[in-house]
Amino acid sequence: MSLKRTATIVSFVVITTSFLPQPVTAQESSAQSASTPLLEEIIVTAQRREQSVLDVPVTMDVISGDFLDTTNTTELNDVSRFLPNVVIQEQGVSLPSFNIRGITDDTAAVAATPRISVYQDGIDISKKTVSSAALFDVSRIEVLKGPQPTLFGVAAANGAISIISNTPQAEFDANARVAFNTEDGLEFQGMVNVPLNDNFSFRLAGIVREQDGTVKNQACGPNSFNPSGQIADHELVVRNCSGGKLNGDSVEAFRASLLADFDRFSVLFRITNEDNDQPGIAFKSGSIAPLGGNTSPFSDAELSLGDVIGIDRELESYDITFDFQIIQGLDFNAVVYKKDVELAEFFDADGSALRIQDAFFENDAELSGASARFVFTGGEKFEGFIGASYNKDESILPFSIIVDPFLRGVFDAQAAALAIQFPDIPLDQNVSTNATEAEIAGVRNLLVSALFNPDGTPISNPAFPSTAVLGPFVFEAELEIASAVVEGTYQFTDSLSVTAGLRYLDETRLTRNFGVFEAEDDFDATLPRVAVNYNYSDDLSFYFNYAEGRRSPVVDPNFGATQVTAAETVNSYDVGFKYAGDRLALSGALFLYTYKDFQQSFTDAATFQTNTVTVGDSDVLGLEATAKYAFSETLIGSVSLGLLDAEFDDSTDSGAVFDFGGNRFRLAPKVSGAFRITKSVEVSGWNIDFDFLASYQSQVFFESSNFPGLSQDEYWIADASVKLRPSDAAWQIEIYADNVFDEEYLIDAGNTGGGLGIPTFVRGKPAIAGIRLYIGI
């Protein structure tokens, strides 16, 4: 760990703990008096006003800040484990993938619009290089299923994830925690909330997390194919390199908030900064082994760039939220924001020690915008809102490819020859095939064997330079989206209400490729939402929700011959119920999506250019349910279940045959589920809290082609922890273990290497145990 990072940790600990109070009796979240309900009412703001979750006719999951704290969840991919029909793939901060109900974001193109919105404190952070946000000092996370055109705008074509941070409060508060684990990991979180006077309060929260990595990279050392300890980068600068570790973690983030709160208006100023210096992602080849090693994704890797591989990201955010009560029941809300992201990543596309293709890319982006809403809650039978928003995204992504020119030339020639010799056994993962995994492996072995001499050393030719750089290939986009929205709820009876709304959007999309080819176009659309809510009783409600979603068209300059990929549209239907009693909480929903002009993106392995096409139509059908039961004040159990039928139709509405027809969507398990048990006991003046969480996922494919060998079979992951706290103390200690049974599983397969015919694989986290110390009120 660097001196700078060590100093940052120490400084943050000192600053935060200096505000901590003297020990007092800690408030135990699981213990409540016998006169109160054992389960608290859930209040959400999904419809832009505070409501009981029973009154919101939307299928949604709510993750409380208490759940995040007690499970030490600091990344979004861990959140998804307990959410039915939600998969979040966050192998690095550069290109996370969000999947809700079988529909995922499948492109890193700067000109593409995500299908799923990610919002943080009312601000759209859906852009790929921005959406991976560290979770700390969070009030709750609301996950809304299905299109949300009126609630979250253009990017919510298939759902929305809304992260709501804690805001400054009128009372002093502070807490801190530090953790260590068996993978040399160190984490510190802290928060201090200080009321400055009757109207102003300040809150500072932060997190520092460092973990070297869980996969050893043996490159650039004596036991590697490159014992010189040197490697040329994307500028042909020779660097010293060593092996190091992969699949690590690194984050330094803080959020400073100042709230000015007066009788009828308030202003919230917020600054957020997040720095990441992550070890590289272990894209390990499944066909080219390390020197003396094997191709298992769960063993050591040898990625040619060594410790040059990694992700550097700096994310800065500034926002102001203004709330004004015009009259009783009529409020005005406005948000203005600006975000800057600078990201750079080296990665090994072929996943081996050979320089078939190493890569480097950067993304500099500036996001800015504003929104304003009038919210009416003063009517006896009617409430609703009207508003407008404007968002701008300016982004540039240069991409460079680093190769051994002789070896890459032989690779390309051999691949072309094999494609002719075996036309029915493709190696490209983007091609649907009936070939077996064994047949494909046999052809792939012929490709790889051409890269080695009889003695096992890689081929070379002194007449060629050892390294060549292709690029940089530069992709730019300027996106401007203006929209207006109106939605209202009318209470026909004490039990029956109907919600209806529309969003009109107008967007300008400019794309520039390679600094030469440019295309621009304007689009508009009107998207509706209609919902019905019936409160059968104070504890039970039924609802129906219809919404239309839309993924924006893609404008491709296409080397001077502009192509526009049609907008993808979806009609979504949900019917469900919600029950919230004193001891039992239940929810369930059936849903149906009908897609038209479904967009599929493919990355050109030679230039990293993303090509998006419409590939047909499809229907998605599923069910999801959650239950939580308080057996007593000290014993609570919860369970979730998701069932999903997400396949491409065999043909389009026009009858055209679709190559992927009948294939399952990528990252779309047929069955997902989880259960959690928490138990609290008091023994000899000590409070002891036990927590056990287990999640299940059935088979998933990592490519829409369902390419043989690029899938993960069903698996379970279990976490456990024990917290101990003296009854009259403000501190507690926790012993925990994640992936208790050390389950081996993949979180990704195929990747850029799969487009070359040599797929790579990324393993999930192994068993990790640790200890945490908590201090606070």
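**Entry: Arg-203.** I began with the neighbours of Arg-203. Arg-203 touches Asp-137, Asn-166, Thr-167, Pro-168, Gln-169, Met-191, Val-192, Asn-193, Arg-255, Ala-256 and Ser-257, leaving aside residues up to four places away in sequence. I note that this is a predicted model. I placed Arg-203 in strand β13, residues 200-211. Is Arg-203 buried or exposed? I find a relative accessibility of 7%, so Arg-203 counts as buried. I also checked Arg-203 against Phe-283: they are 80 residues apart in sequence, and their C-alpha atoms are 40 Å apart in space.

**Entry: salt bridges.** How many salt bridges does the structure hold? I get 28.

I looked up Asp-719 next. Asp-719 pairs with Arg-81 in a salt bridge, with 2.5 Å between the closest N and O atoms. Asp-719 sits in strand β41 (residues 715-726), and Arg-81 in the loop between α3 (76-79) and β4 (86-89), so this pair ties together parts that are 638 residues apart in sequence. I read 14% relative accessibility for Asp-719, which means that Asp-719 counts as buried, the limit being under 20%.

Then I took Asp-393. Asp-393 forms a salt bridge with Lys-127, and the closest N and O atoms are 3.2 Å apart. I find Asp-393 in strand β24 (residues 382-403) and Lys-127 in the loop between β8 (123-124) and β9 (138-145), so the pair ties together parts that are 266 residues apart in sequence. Both Asp-393 and Lys-127 are buried.

I turned to Asp-340 and Lys-338. Their side chains meet in a salt bridge at 2.5 Å, N to O. Asp-340 has a relative accessible area of 21%, so I log Asp-340 as partly exposed. Lys-338 is partly exposed too, with a relative accessible area of 32%.

I also logged a network. Salt bridges link Asp-61, Arg-101, Lys-145, Asp-574 and Glu-624.

**Entry: negative patch.** I searched the surface for charge. Glu-478, Glu-480, Asp-506, Glu-520, Asp-522 and Asp-524 form a negative surface patch. Which strands supply at least two residues each? I find β25 (468-491) and β27 (517-535). The most comes from β27, with three residues. I note that Glu-520 lies in β27.

**Entry: nonpolar patch.** I looked for nonpolar surface as well. Phe-544, Tyr-573, Val-575, Leu-590, Leu-592 and Leu-621 form a nonpolar patch, together holding about 500 Å² of accessible area. The elements giving two or more residues to this patch are β31 (568-580) and β32 (584-596). I checked Leu-590, which is in strand β32. At 47% relative accessibility, Leu-590 counts as partly exposed.

**Entry: backbone.** I went through the peptide bonds. The bond from Gly-471 to Pro-472 is cis, with omega near 10 degrees. I place Pro-472 in strand β25, a strand that also supplies residues to the negative patch.

I then checked phi. Asn-72 has a positive phi near 50 degrees, and Asn-72 is not a glycine. Asn-72 is in the loop between α2 (65-70) and α3. I count Asn-72 as buried, at 11% relative accessibility.

Asn-739 also has a positive phi, near 50 degrees, in a residue other than glycine. Where does Asn-739 lie? I find Asn-739 in the loop between β42 (731-738) and β43 (746-750). Asn-739 is buried, with a relative accessible area of 4%.

Technical notes
Residues numbered from 1 in each chain as written. Predicted model: local features only at pLDDT ≥ 70, side-chain atom pairs only at ≥ 80, totals over all residues. Heavy atoms only, no water. Patch = residues over 30% accessible without salt bridge, like charges linked within 9 Å, V, L, I, M, F, W, Y side chains within 5 Å. Areas by Shrake-Rupley, 256 points an atom, 1.4 Å probe, with all protein chains shown as cover. Salt bridge = Lys/Arg side-chain N within 4 Å of Asp/Glu carboxyl O. Lys, Arg positive; Asp, Glu negative; His and termini not counted. Charge placed at Lys NZ, Arg CZ, Asp CG, Glu CD. Helix = DSSP H or I, 4+ residues; strand = E, 2+ residues; numbered from the N terminus. Buried < 20%, exposed > 50% of the residue type's maximum accessible area, 1.4 Å probe, protein only. Contact = heavy atoms within 4.5 Å.
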